[in-house]
Amino acid sequence: MELKFSSQDEAFRQEVRAFVRDRLPADIRRKVELGLRLEHADYVTWFRILESRGWLTPGWPVEHGGPGWNHVQRYIFDEETLLGGAPRLIASGIQMLGPVLLAFGTEEQKRKYLPDIRQSNTWWAQGFSEPGAGSDLAQVRTTAVLEPDGKHFVVNGHKVWTSYAQWCSMMFALVRTDPDASKPQEGISFLLIDMKSPGLTVRPIRMLEGGEDLNECFLDNVRVPVENLVGELHKGWSYGKYLLGHERTGIAGIGSCKQQLARARKLAAQQGLGSDPVMQARLAQFEAELMALEFTALRLLSPHQQSKVPGVEASMLKVRGTELRQAIFEALVDIAGPEGVPFSVSAQRLEHLAESAADPEMTALAANSLDARKLTIYGGTNEVQRNLIARAALEAF
């Protein structure tokens with residue numbers, strides 16, 4: 001295939017670029033440019049602006065509120081919104097649960113949940129990882145037992161690393177419904193759980209940079225209506241794999257890599273390192289690796305290589321994209337030198353930025369680098385992804 005965009009694609013790129021420039025609130029753009037903390041209200045504000053244009057759910061079909069874009073348009077949209085300083089689409093309902101409900105949910109579940117996802121009225125937590133069952137989700141121990149009358153499941157267990165659970169009113173979770181299944185994967189189901197249910201407790205986990213976006217969720221005799229089962233009983237493993245394929249494709253973050261690499265070049269020039277040969281070589285290496293990553297992603301946009309269920313290709317993009325982003329964040333701290341090391345948790349908020357003793361461009365660099373350590377862990381650790389890639393390659397022979 002020819003790795004260049006058509007004139008129609010370039011026209012679409014200009015349309016997205018102009019929309020972000022004209023409609024993204026200045027305070028949100030400033031937070032993103034400086035790597036400051038974004039609040040729930042910031043995401044909701046931007047998501048509702050996107051939804052007003054019909055652009056919030058780029059991967060959804062038109063009949064359910066999607067824009068009807070092809071793969072190339074979705075790629076351009078992701079890149080241009082990030083380069084324009086917009087927040088990334090982090091809502092699990094948009095990128096993960098939505099595709100699962102569209103593929104496997106009942107018509108009633110689609111009518112009940114999809115509109116509220118598009119309007120940002122309902123945010124969804126991802127109840128997958130557990131102590132001892134993170135990347136190896138076949139080992140989930142949270143149980144769901146069907147009551148004798150067949151109307152409710154009773155759920156007991158412990159979920160961990162649940163991103164933004166403090167903002168969510170619903171959770172989609174993998175639970176064990178058949179402890180005696182011959183294979184661990186065969187006894188798992190996919191449930192939708194109301195976060196306000198009696199017996200469900202959310203506790204924040206403080207992260208390295210001081211944030212509390214990750215949480216533990218304890219479920220103690222939580223009753224879930226049987227109509228909240230997605231798909232077939234005991235078939236949740238298949239739905240979970242489908243969901244994770246979509247998640248890993250997005251985690252690659254090519255647009256984010258470009259965004260942070262531009263930030264690194266700007267900061268290097270500001271620090272007097274713009275012509276330093278060692279720094280030039282380091283940034284050029286990032287540029288080459290990013291180009292290789294982008295070309296790989298573009299090849300996968302070819303109709304001849306697309307699949308309805310992202311597989312090993314998503315793992316490849318996830319591994320290279322997350323490791324490259326970590327390396328760029330580390331370089332940003334190195335460029336800043338001593339000024340980029342100290343940070344204040346409160347100064348990571350725009351309204352408290354003046355409290356920081358550092359240059360505003362450097363206030364959040366250390367926090368951003370620390371936060372980036374999780375990139376290679378969530379969505380399935382990169383070590384596990386490499387095993388998946390190796391298995392696929394070996395099975396091809």
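**Exercise 1. Determine which residues Asn368 is in contact with, leaving aside its neighbours within four places in sequence.**

Solution. Contact requires heavy atoms within 4.5 Å. With that criterion, and with neighbours within four places in sequence left aside, Asn368 touches Leu34, Gly35, Arg263 and Phe329. Asn368 itself belongs to helix H11 (residues 365–371); helices (H or I, at least four residues) and strands (E, at least two) are DSSP runs, numbered from the N terminus. The relative accessibility of Asn368 is 11%, and the residue is therefore buried. Here buried means under 20% relative accessible area, exposed over 50% and partly exposed in between, for a 1.4 Å probe and protein chains only.

The model is predicted: local features need pLDDT of at least 70, side-chain atom pairs count only at pLDDT 80 or more, and totals for chains, interfaces and linings use all residues. Residues are numbered from 1 along each chain as its sequence is written, and side-chain values use heavy atoms, with hydrogens and water left out.

**Exercise 2. Describe how helix H8 packs against helix H9.**

Solution. Two packed helices are described by the angle between their axes and the distance between the axes.

Step 1. For H8 (residues 254–270) and H9 (residues 277–300), the angle is about 165° and the axes are 11 Å apart. Axes are lines fitted to C-alpha atoms, for helices over the stretch in contact, and angles run from 0 to 180 degrees between N-to-C directions.

Step 2. H8 is therefore roughly antiparallel to H9. Angles under 35 degrees count as roughly parallel, over 145 as roughly antiparallel, 65 to 115 as roughly perpendicular and the rest as oblique.

Step 3. The crossing of H8 past H9 is left-handed, that is, the near helix is turned anticlockwise from the far one by less than a right angle, whereas clockwise would be right-handed.

Step 4. H8 contributes Ile254, Cys257, Lys258, Leu261, Ala264, Arg265 and Ala268 to the contact, and the residues from H9 include Met279, Phe286, Glu287 and Glu294. By class, the contact has 12 nonpolar, no polar and four charged residues. Ala, Val, Leu, Ile, Met, Phe, Trp, Tyr, Cys and Pro count as nonpolar, Asp, Glu, Lys and Arg as charged, and the others, Gly among them, as polar.

**Exercise 3. Repeat the analysis for helices H1 and H3.**

Solution. Step 1. The axes of H1 (residues 7–23) and H3 (residues 40–52) come within 12 Å and cross at roughly 135°. The two helices are therefore oblique to each other.

Step 2. H1 passes H3 in a right-handed crossing. Phe19, Val20 and Arg23 of H1 meet Trp46, Ile49, Leu50 and Ser52 of H3. This contact has five nonpolar, one polar and one charged residues.

**Exercise 4. State how many disulfides a search of the whole structure finds, and examine Cys168.**

Solution. The search finds zero disulfides, a disulfide being a pair of cysteine sulfur atoms within 2.5 Å. For Cys168, the closest cysteine sulfur is that of Cys217, 8.6 Å away and too far for a bond. Cys168 is buried, at a relative accessible area of 11%. Cys257, a member of the H8 contact with H9, is buried as well, at 0% relative accessibility.

**Exercise 5. Locate Ser120 and Tyr164 and state the phi of each.**

Solution. Ser120 lies in the loop between helix H6 (107–118) and strand E1 (124–127); its phi is near 60°, a positive value in a residue other than glycine. Tyr164, in the loop between strand E3 (152–159) and E4, has a positive phi of about 55°. Ser120 is buried at 6% relative accessibility, and Tyr164 is buried at 13%.
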